[in-house]
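Dear colleague,

Please find the sequence and the structure below.

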Amino acid sequence: MPRQPHPDPEPDAPSPDDAAIAESDQETKIELPETSPEPVEHQAVAVTESSPEPPLVEPPPAVGHLATALSRLRAAIGGASYPLVMPSAEEARRVGAALVAQLDDYLLPRLARLDAPLLVVVGGSTGAGKSTLVNSLVRTPVSAAGVLRPTTRSPVLVSNPSDLAWFRQGQLLPGLVRTPESSADPRTLQIVSAPALGAGLAFLDAPDVDSVVEGNRKLAAQLFAAADLWLFVTTAARYADNVPWELLTTARLRGTVIALVLDRVPTEAAGEVTAHLQEMLVARNLGAAPLFVLPETTLDGQGLIAEDVIGPLHDWFGQLAADAGARAAVVRQTLDGALAALGPAVEGLADAADEQTVATRALDERVTVAYRTARQTVVEGLRDGRLLRGEVLARWQEFVGTGEFMRTLENRVGLLRDRFVSAITGRPLPGRNLQTALESQLVTLLRGVATDAAEQAYAAWQAHPAGAALLDTELQRASADLPQRADRLVRDWQQWVLGLVREQSAEKRVVARGAAYAVNGAGLAVMIAVFTSTAFIPTGLELAVGAGTTVAAQKVLEAVFGDQAIRGLANRAREDLLFRVGELLDAEAARYTDRTAATGLDTAPAADLRRAALDVEAARLELALTGSAT
């Protein structure tokens, strides 16, 4: 490939916050093949004797404990949901999915086989030359390279023939379908054999981290999360881009082992660009990461970088592949760092789950307040005499007698009793008109309070971000069938009152066998009693609407049933009515609360997440992958 001029480096990307840098200061470091103490081009590695491959041994019990804890954590993360529209919900869903993918793709399979080959994920910016680099490291074209972007659509994994079995099993990155051929399907993993690559180490050529294709960016992030070592490739023109630095910061916080390649560096700018990149690395606590600088060069006939140019990087990986102890150290640090990073990430999920639970309770409470107000309005309507006005009052007066008769009623209780009993056992009275008026007045009250409650709940939810997303216009008013249900409620209650009176009057001689008018008359009087505040003790408002009405009902019923009995009848009838009204309003409120219940947030996902994360951390410390319980 001919040399091409490169533009000046882009300005520095914003550095991560000080808290993140301070956190990284406490991370455990491992010994890689040694590099020069001062970062220079083509850092050389110290040659060490090849270590023999360790024999397979039974893993310690701590490995099993950690695997069990990780499986429980995965279940807890998978069981947590964030259905309500809250500020933290989208991020929690993204992080939760990423953690599940990392558990499935890397943590669980890697823990099950700590001795499996080390996986180096090669990633970087668009056009950085990742595929060319991989091809050059294994000395054969195994990953497509070209000028069209994006080049790498599906990932390509290259390993020594002796390691192919492990990668073909599908334990690592189980969501990718293994294939021996190149594919445009991003959900496939092409596995290629490269005899020139030492056993115990494999390269995975990942899509661009800043690809214009969103699926490629997500896949690149998923592959990085499954890496034992990140080989990050950038260029003299792109090394200061923001997206790569965000990923590098993520890797550092996870404790992932990182190496960097600065590719296509013009000879005249090599010193300046390299020094600037080293400054950026140090500023982000990445100064210890090995840095390899490759100059602009012409590729050979196979599209490979010349061996003398790629040699230092090739040798560094060759020594890592030959040193089982160094590979194990890389695997253990990256694995331990990923495990340690689970705690803060899961705590964020738990906080988001708490926010969901709090929001659910807040929404339900707003509905409760609205319909509790509706219940209180009904109670007050039965106390203040408002239901005795208008048509009900006229029909009651018609039922008992003329206004003149009611004015003289208090002094003629005995005569009234005789005339009342005679009337209700001998001839029909206009009770049906009164019963209809009572029914109409109650239904009107119930429809009004249900409508008001629906509007109040709707407005309260609309003011809440999670509530607004759950609303539709039908909730703004009472149920379409509320009038029918309210009618049925009042009729059923009236029949219940008549049954109560019939039961109470069974031992009273005033009600003869089959005398339905007696039961109806007494029952209507009990209903009128329910419409007053304290069993016929008139209040000022009741006096205003007709104190004679309440006194009349009281005297009539006391004459028939006795003072104590009528008070009990009125109280029981009132309690039953309020119970029925409560059920009606509960059903109306359920139109709202059923929506929050459908989100499945009636469990305690936050507690499960925190408990599972604590178990993982305890098991990690027990296993001490890096040799220290920190």
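This is a predicted model: local features need pLDDT of at least 70, side-chain atom pairs count only at pLDDT 80 or more; totals for chains, interfaces and linings use all residues.

The chain as a whole

The protein chain has 630 residues, and 50% of them count as buried. Its secondary structure consists of 20 helices and 8 strands. Among the contacts with a separation of 6 or more, 81% are made by residues 24 or more positions apart.

Strand E5 covers residues 201–205. Because 5 of its 5 residues are buried, E5 is largely enclosed by the rest of the structure. The side chains can be followed in your viewer: Leu201, Phe203 and Asp205 point one way from the strand, whereas Ala202 and Leu204 point the other way. Both sets are buried, the aspartate included.

Two strands may be examined alongside E5. Strand E1, residues 118–124, pairs with E5 in the parallel sense over 5 bridges. Strand E2, residues 156–159, pairs with E5 in the antiparallel sense over 4 bridges. Here leucine 157 stands opposite leucine 204 of E5.

Two single residues

Is tyrosine 239 buried or exposed? Tyrosine 239 lies in the loop between strand E6 (229–235) and helix H7 (242–254). Its relative accessibility is 3%, and the limit for a buried residue is under 20%, so tyrosine 239 counts as buried. The C-alpha atom of tyrosine 239 is separated by 9.9 Å from that of valine 261, and these two residues are 22 residues apart along the chain.

Glutamate 307 belongs to helix H9, which spans residues 307–322. The relative accessibility of glutamate 307 is 56%; a residue is exposed when the value is over 50%, and glutamate 307 therefore counts as exposed. Between the C-alpha atoms of glutamate 307 and leucine 137 the separation is 8.7 Å, although the two residues are 170 residues apart along the chain.

With kind regards

Methods
Residues are numbered from 1 along each chain as its sequence is written. Side-chain values use heavy atoms; hydrogens and water are left out. Buried means under 20% relative accessible area, exposed over 50%, partly exposed in between (1.4 Å probe, protein chains only). Contact means heavy atoms within 4.5 Å. Two strands pair if DSSP finds at least two bridges between them.
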